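Please consult the sequence and structure shown here before reading on.

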Amino acid sequence: MEKEALQIKVCGLKYPKNQALIAKLEVDYAGFIFYKKSARYTLRISEKIPPNTKKVGVFVNSSVNDVIQKVKDFNLDVIQLHGKENLLYVRELQLKLYAKELTHVKIWKAIAVKTASDLELIQTFDTKVDAILLDAKGPLPGGNGTKFDWDLLDNLEIESPLILSGGIKIDDTEQINKLRENNKIWGVDINSGFEINPGLKDFGRIKRFVEEVKNEVV
Ligand SMILES: O=C(O)c1ccccc1N[C@@H]1O[C@H](COP(=O)(O)O)[C@@H](O)[C@H]1O
């Protein structure tokens, strides 16, 4: 059976014209930051995002009601929780999604990683959310532009699909292809490493990235 291709999310798309341009690359996921303190914060999403590019809303400790409202307003496909949301919060969100007939909406939980002990949190969310995203721990909740030690993925025990993020750059494609080949990751989330300035993505660099990881036969 052919293995599913690496899933690519481009995050922090702030400007509608730039969003529409990047959408031409038909990436799997487009991410929008709903965290007011971020330089990538936006409340505008282009209507030109094609249906095969799923829309991800990124939230940091927002109220469940606010998340649900944004899901409805922007027709989001995925909720990415990038703060200190716990399992109780996830349960409450799932119940509200169910009550509002939004069960098609997926939930991803981000975990900030610096050392091996940070990975213990994976056990709390594994199989309880639709994917787990590992990001580098830093001064900001996300978008720090730094990597955690990817060797930590070697001995990871996890059932949920795993998304790698944090400081990914164009030079990382070889290592990413190896991680995919070894079934260590399901997807990648690229952000500040592919920008002209915060929130404005570089079409050429992302195109090259997509070509280098999607054309890799695994
Ligand atoms: O990008 C932001 O500004 C941001 C703010 C708050 C939460 C998450 C944010 N972005 C996420 O951060 C990671 C890593 O980004 P980077 O590659 O290190 O710049 C990525 O998953 C974004 O979804």
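**Salt bridges and their burial**

Lys109 is buried, its relative accessible area being 2% (buried means under 20% relative accessible area, exposed over 50%, partly exposed in between, with a 1.4 Å probe and protein chains only). The model is predicted: local features need pLDDT of at least 70, side-chain atom pairs count only at pLDDT 80 or more, and totals for chains, interfaces and linings use all residues. Residues are numbered from 1 along each chain as its sequence is written, and side-chain values use heavy atoms, with hydrogens and water left out.

**Overall content**
- The structure holds 12 salt bridges (a side-chain nitrogen of Lys or Arg within 4 Å of a carboxyl oxygen of Asp or Glu).
- One network of salt bridges links Arg40, Glu195 and Lys201.

**Pairs linking separate elements** (helices, H or I, of at least four residues and strands, E, of at least two are DSSP runs numbered from the N terminus)
- Lys109 forms a salt bridge with Glu85, with the closest N and O atoms 3.2 Å apart.
- This pair links distant parts of the chain, 24 residues apart: Lys109 is in strand 5 (106-113), and Glu85 is in the loop between strand 4 (78-81) and helix 3 (87-99).
- Glu85 is also buried, at 5%.
- Lys137 and Asp118 form a salt bridge, their closest N and O atoms being 2.8 Å apart.
- Lys137 lies between strand 6 and strand 7 and Asp118 between strand 5 and helix 4, so the pair ties together parts 19 residues apart in sequence.
- Lys137 is partly exposed at 42%, whereas Asp118 is buried at 15%.

**A pair within helix 5**
- Glu174 forms a salt bridge with Lys178, at 3.9 Å between the closest N and O atoms.
- The two residues are 4 apart in helix 5 (173-181), which means about one helical turn separates them.
- Glu174 is exposed at 58%, and Lys178 is partly exposed at 49%.
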